Amino acid sequence: MEDERSFSDICGGRLALQRRYYSPSCREFCLSCPRLSLRSLTAVTCTVWLAAYGLFTLCENSMILSAAIFITLLGLLGYLHFVKIDQETLLIIDSLGIQMTSSYASGKESTTFIEMGKVKDVVINEAIYMKVIYYLCILLKDPMEPHGISQVVPVFQSAKPRLDCLIEVYRSCQEILAHQKATSASP
Amino acid sequence: MGLVSRGAAAAGVGAASAVVRPGPPHAVPHPIPTPPPEGAALGSSRVPGMVLKAFFPTCCASADSGLLVGRWVPEQSSAVVLAVVHFPFIPLQVKELLAQVHQAGRVGLAVLGTWCHRRQEAEESLGHFLEGLGTIFSHEPWLQLCREQGSKLWSCKATRRQVPPCPGAPYEDQVMLVFYDQRKVLLSQLHPPAALPDCLAGDAAPSAGGLAAVFDTVARSEALFRSDRFDDGPVRLSHWQSDGVEASILAELAKRASGPVCVLLACLLSLVSAASACRLFKLWPLSFVWSKLSVCEQLRHRLEQLTLVFSTQKAENPTQLMRKANVLVSVLLDVALGLALLSWLRGKDRIGPLAEALVPVADHVAEELQHLLQWLMGAPAGLKMNRALDQVLGRFFLYHLHLWISYIHLMSPFIERILWHVGLSACLGLTVALSILSDIIALLTFHIYCFYVYGARLYCLKICGLSSLWRLFRGKKWNVLRQRVDSCSYDLDQLFIGTLLFTILVFLLPTTALYYLVFTLLRLLVVAVQGLMHLLVDLINSLPLYSLGLRLCRPYRLAAGVKFRVLEHEAGRPLRLLMQINPLPYGRVVHTYRLPSCGCHPTHPWGSLCRKLFFGELIYPWRQRGDKQA
């Protein structure tokens, strides 16, 4: 079962949330971030090249122009491969664990998988950063202390959706976690 | 292989065992009630209501029908399937094989269920037959996986025969299929390694958390994967090596050759280390010189590393093996770079011009220092110095410089020969060449070091005198016994002389401070250059190149974890996932497998360095080897 809805992130950009319910014990949430805008790309390239041309008129050295082209290309490739995240996915599988994937604009994917045995809970936290923002995070159990929390892992860090989107994801996750807790608590 | 019913005759087989061939149920002769294997006892303690996870190897997805053999982990309600046993088989021999693997790898395997790969239509009889097998190999829960030929849709069933522990729990469990690549999981190593204590006796090892148990199971069952389909063993298995056991001629040859080669090299290295530990080298002047030269440090380090690599003991765990491999690759790269440097030096015959340029460079440096001292003796930067002290210090340093230049000129005929031998040492490695270069720089700038020490000592003396006289000025003194400042009543003449001395020292302070500043800056410059070289040497010494290469070419060997992908799914069918290995990021590879270096780093934090500079204490930029252990 698959459906798609559009939300907005904390800066006002448009996000698309795709939900896939594979089975009662396996759900996937896919948030697509706004793409690289042509306007900002053109602006940055023009600035860099104008600055290089200005330096060239001062120094009369054509190496500056080639260097500027080189830097722009490398910078763009680096940005697409290391910085620009296109899509963030959260896959939650009952009794296996929770998996977070970030796909970059160049196609690179970086995945983290947390086993269900380490997950204590999934909560929405509040943070104050010039205004109040909400973020979804996974709380991990502390092996030493039974009621303690060893780590807080935030989810959807670059998409930064607003509260309404987070609530949808939170409800679904809690359904699965409740089932998981019920089965693990019974003797 | 035809699944049409064959004759029921168990030809040539004793009465105690029955060859099980596929066929209609009535053809199975005398199913012998066998005592339930150990697997049944494990299976009874499981978590009810949890989804049953079946880890299935991708290589067996196209195998013919048969029995599923693997390990059942009750705490996570997961069944790790390792291989498929094909018909015909004798149940007793299957159990013997499982017992053998249990002994070899200390992992408790059992027959987990049946696997049915329907190749033609209407093979219902096979289904019933397979269900009947459940009575021979009883295991809780009994897994039944079925697949249509050429279709991606599977059906799974897990049934229980025992009364469920709590009422209301179903007789059948929900099954989730997780496919894994058996070869990659076998060869990979999880980081951080799940610390499993070696079990002393008895059944399966205490299970590691979660998915580490899957890796552990596959790694321990290596004995199961030793036979392929070309062997004439009693039991026919399907696993990742069933198409032919993987082996490489080069690896085998290397293994055979490594034994004697290691023994030979270990003897050589022990001879060298015995020679270097000889009593002659412990005599005072030599031992002092050896401890100061960084070449000796580097050579000692390399000797230790090579002894480790060529020791005849086998590596106990994968970490040690990786360390040995890293050291070997690092040494080989070092030697290769050194030889490249050597060939570059010899190629255009650069040693001659280099040697000829060295003495004029040293002369030039000495001349610049002379100019500097003349400048200091005048009015440097417009400051007015105390003429007498200025002249004394300036003349003293000038004379020292003059001695140094004469020494260099004395050495000049021998420089080319020395450089030639130094260049030859590059074949021991680039790190050795760099260390020698750093030592040569230290020797050539020895006069700067001397000037720094003189200036620092003078300045330090002055500061000490000033601080104690300042205390006298205020009517206090330093109590050595109590290590604190106490008040004290001085006599008038003590106060008079003290104040006089204090005034003299204060007015002479700028001159001394300026000399100290200039020579400290020069010394720091030289230390910076040497530090850069040491940094490069350290980098070559400690970078784990083999691990980085492995991460680049065989990323599944170094695993940080796993990742899952949901495969094509249809409602009503069990969920199918693909488990892949998530490789370790490069930063963590370097961090985990870094080789220990000499430790010749500048170790002072900035605060204490500034304090030492202010008070004129001498700075030793890197710890000597003796201090490292303290």
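View 1. B:Lys476 stands opposite B:Ser487 in β12(B), in a predicted model for which local features need pLDDT of at least 70, side-chain atom pairs count only at pLDDT 80 or more, and totals for chains, interfaces and linings use all residues. Residues are numbered from 1 along each chain as its sequence is written, chains are lettered from A and ligands numbered from 1 in the order in which they are written, and side-chain values use heavy atoms, with hydrogens and water left out. Strand β11 (residues 476–479) of chain B is joined to strand β12 (residues 484–487) of chain B by 4 bridges, and the two run antiparallel; two strands are taken to pair if DSSP finds at least two bridges between them, while strands (E, at least two residues) are DSSP runs numbered from the N terminus. β11(B) and β12(B) form a hairpin with 4 residues between them, and B:Gln483 in the turn has a positive phi of about 55°.

**View 2. An open sheet in chain A.** The sheet has 3 strands in the order β7-β8-β9 (chain A), and the pairing is antiparallel. At its edges stand β7 (119–128) and β9 (149–155) of chain A, each with a single partner strand, so one side of each is left without a neighbour in the sheet. Neighbouring strands of this sheet are turned by 35° against each other on average, direction ignored, with axes given as lines fitted to C-alpha atoms and angles running from 0 to 180 degrees between N-to-C directions. Strand β8 (residues 132–141) of chain A pairs with β9(A) over 6 bridges in the antiparallel sense, and A:Cys137 stands opposite A:Pro154 in β9(A).

**View 3. A salt bridge between two strands of chain A.** A:Arg20 forms a salt bridge with A:Glu2, and their closest N and O atoms are 3.4 Å apart; the term covers a side-chain nitrogen of Lys or Arg within 4 Å of a carboxyl oxygen of Asp or Glu. Because A:Arg20 lies in strand β2 (residues 14–23) of chain A and A:Glu2 in strand β1 (residues 2–8) of chain A, the pair ties together parts that are 18 residues apart in sequence. Over all chains, a search of the whole structure finds 11 salt bridges.

**View 4. The two domains of chain A.** Chain A is divided into domain 1 (1–34 + 82–183) and domain 2 (36–80), with bounds that come from an automatic or database domain assignment. The C-alpha centres of these domains of chain A lie 38 Å apart, and their contact (heavy atoms within 4.5 Å) takes 7 residues from domain 1 and 4 residues from domain 2. Between them the two domains of chain A bury about 480 Å², 60% of it on carbon and sulfur atoms, where buried area is the accessible area (1.4 Å probe) that two parts lose on being put together, summed over both. In domain 1 of chain A, the residues that lose the most area to domain 2 are A:Phe82, A:Val83 and A:Lys84, together 73% of what that side buries. Across this interface of domain 1 and domain 2 of chain A, the rule finds 0 salt bridges.

**View 5. The interface of chain B and chain A.** The contact takes 19 residues from chain B and 16 residues from chain A, and the two chains bury about 1,500 Å² between them, 65% of it on carbon and sulfur atoms. The count between chain B and chain A is 0 salt bridges. On the side of chain B that touches chain A, β8 (175–180), β13 (558–566) and β14 (575–583) of chain B each supply at least two residues, and β13(B) gives the most, with 4 residues.
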